[in-house]
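Hello,

Here is the structure I said I would pass on. Please open it first; my notes follow below.

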Amino acid sequence: MKRFKQLWIVVVFLVMVVLTIAVERQSTSGSTKAEPVFEKKHRSHLDHSSFFKEPFESAQAVTDACLECHEDAAQGFMKTAHWNWLGDEVKIPGHEKPMRIGKKNLINNFCIGIQGNWPSCTRCHPGYGWKDDTFDFKKESNVDCLVCHDWTGDYQKGKAGMPKDNVDLLSVAKGVGYPKRENCGTCHFFGGGGLGVKHGDLDNSLDYPTEDVDIHMSRHQFLCVDCHKTEHHDISGKSISVSVDHNGGIGCTDCHREPPHKDERINDHLDTVACQTCHIPTYASKVPTKMDWDWSKAGDDARPDNVHEYLKIKGEFVYEQSVEPEYAWFNLTSNRYILGDPMDPEGVTAMNEPRGDIDDPTAKIWPFKVHRGKQPYDAVHNYFVSPVTAGEGGYWREFDWDKAMRLGAELGGLEYSGQYGFAKTEMFWPLSHMVAPKDGALGCADCHGEKGRMDWKALGYGEDPARTGGRR
């Protein structure tokens with residue numbers, strides 16, 4: 001009898017627990033405010049200091065030592081876009097045949113392209129020795145484990161991705177762990193040839209940010225890998241600088257449940273407005289970002305070099321800080337300029353124009369950094385060429401645009417007419433980092449009214465939708 005009573009108490013307790021959970025779930029699903037689902041605390045990492053005793057003769061020897069325990073790590077990583085600098089085969093708008101695109105074969109309006117410039121560009125490749133087009137992508141020991149896992153802060157990569165001569169490989173190998181923000185920032189904060197150059201919302205102010213710089217990485221101590229989740233070394237996330245779709249991408253609602261606000265008037269905006277639009281009111285808040293790059297001004301011996309204004313080898317720049325974004329409709333896909341595509345030298349060529357418009361139900365108004373450039377093109381064939389700049393015979397060594405274009409066209413499989421000019425381009429960089437605290441988000445008057453930041457006519461509304469009750 002006593003056992004029966006004890007069993008009955010246990011049954012009643014379990015029923016109460018189940019009912020409590022059910023009520024909580026129902027309450028959450030019907031709530032007008034959804035709290036974010038934060039990840040668990042970062043794990044402690046195994047101390048590797050006792051595993052390595054003797055100095056390493058080469059960087060590849062470090063990788064070989066890593067693979068003695070992590071046997072499948074290199075093979076998994078070698079399937080990713082981070083390693084190949086190419087994504088999966090995809091259909092490019094305006095092109096009949098699917099193709100693989102990425103940093104390996106695309107051009108941009110920063111340093112333009114990697115063909116012929118490998119030793120300089122590939123210092124950001126997570127491998128060792130990519131100095132020309134013969135690099136062996138199938139050799140496991142060419143994988144650089146340290147660049148993503150170094151915790152010492154002493155690891156630096158040089159030309160062709162090789163560690164700099166002063167790096168103590170044994171010390172770094174002993175001090176490895178899971179990737180921190182500084183590891184990802186080694187390349188992503190310095191892409192395009194300098195700090196904060198490309199993205200605008202990625203720079204080393206995110207290493208240890210204050211709350212006004214980024215609420216996720218400060219108050220909540222997020223690491224990059226908390227959002228960019230990784231499986232078999234395949235890192236989630238997608239950038240329209242090197243892709244045209246969102247497959248494998250991430251988003252705010254991966255963590256934040258919907259609806260996110262108490263005020264239903266704000267929630268009503270979510271059909272047409274991206275979270276980032278309100279929650280990233282400015283970018284490059286601490287570190288200036290490059291907004292304009294004019295290659296046509298390069299080569300002037302009379303102008304003094306200044307990293308934020310002019311360099312003889314690169315031309316003229318414009319940097320800005322605490323920049324207000326530009327806004328456009330975006331359905332998470334984009335067009336893409338491919339080498340050999342025709343262009344109008346009198347117009348502005350968009351390298352990666354976001355797709356979507358006011359009539360697209362899948363598109364939302366997004367904030368962008370738009371980088372504008374002026375770069376060389378073949379003046380007879382009317383297409384852009386990726387010139388050799390840093391490589392042998394390149395512009396940075398000989399200051400001869402004709403030679404640089406001739407070499408670049410050959411490497412890109414293009415005919416070169418012998419005549420070149422410079423034409424305007426633009427690149428779009430969607431903003432998702434540098435999220436402000438909620439009291440720093442945009443309010444109604446920031447977008448609507450006489451002083452609102454939105455160009456409603458350009459967005460297809462004709463006039464401020466606050467005047468028309470949201471009608472288009």
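Strands pair here if DSSP finds at least two bridges between them. Helices (H or I, at least four residues) and strands (E, at least two) are DSSP runs, numbered from the N terminus.

Some ground rules. This is a predicted model, so local features need pLDDT of at least 70 and side-chain atom pairs count only at pLDDT 80 or more, while totals for chains, interfaces and linings use all residues. Residues are numbered from 1 along each chain as its sequence is written, and side-chain values use heavy atoms, with hydrogens and water left out.

Confidence
The pLDDT is the predictor's confidence in each residue, from 0 to 100. The protein averages 91, and 91% of the residues score at least 70. Over residues 1–35 the pLDDT is below 50. Beyond near neighbours in sequence, that stretch has 16 contacts in the model. A contact means heavy atoms within 4.5 Å.

β8 covers residues 364–378. Of its 15 residues, 12 are buried. Buried means under 20% relative accessible area, exposed over 50%, partly exposed in between (1.4 Å probe, protein chains only).

- β3 (residues 289–294) pairs with β8 in the parallel sense, over three bridges. W293 has G373 as its bridge partner in β8.
- β6 (residues 326–330) runs antiparallel to β8, and five bridges join them. W329 stands opposite I365, and F330 has K364 as its bridge partner. Four of the five residues of β6 are buried.
- β9 (residues 383–384) pairs with β8 in the antiparallel sense over two bridges. D378 has Y383 as its bridge partner.

The hairpin of β8 and β9 has four residues between the strands. Within that hairpin, N382 takes a positive phi near 55°.

Helix α14
This helix spans residues 401–411, and its buried residues are W401, A404, M405, G408 and A409. They sit on the same side of α14, because they cover an arc of only 125° around the axis. The arc is that of the directions from the helix axis to the C-beta atoms. What covers them includes β8, α13 (395–398) and β10 (420–430).

D400 caps the N-terminal end of α14. One of its side-chain oxygens lies 3.1 Å from the backbone nitrogen of D402. After the helix comes G413, with a positive phi near 70°.

Helix α2 and the cysteines
α2 (residues 59–67) is largely enclosed by the rest of the structure, because seven of its nine residues are buried. They are A59, Q60, V62, T63, A65, C66 and L67. Their cover includes α3 (73–77), α6 (146–149) and α7 (169–174).

C66 is in no disulfide; the nearest cysteine sulfur, that of C145, is 4.0 Å away. C66 counts as buried, at 17% relative accessibility. For C148, the closest cysteine sulfur is in C184, 6.7 Å away, too far for a bond. C148 is partly exposed, with a relative accessible area of 28%.

Backbone points to check
Most residues other than glycine have a negative phi, and most peptide bonds are trans. Some local exceptions are worth a look.
- The peptide bond from E258 to P259 is cis, with omega near -5°. P259 is found in the loop between β2 (234–235) and α11 (264–267).
- Q221 has a positive phi near 55°. Its loop lies between α9 (215–218) and α10 (224–227). Q221 is partly exposed, at 48% relative accessible area.
- H233 has a positive phi near 65°. Its loop lies between β1 (230–231) and β2. H233 is partly exposed, at 33% relative accessible area.

Over to you.

Best wishes

Conventions: A polar contact is a pair of N or O atoms within 3.5 Å; within protein, one must be able to donate a hydrogen and the other to accept it, and residues adjacent in sequence count only if both atoms are side-chain atoms. A disulfide is a pair of cysteine sulfur atoms within 2.5 Å.
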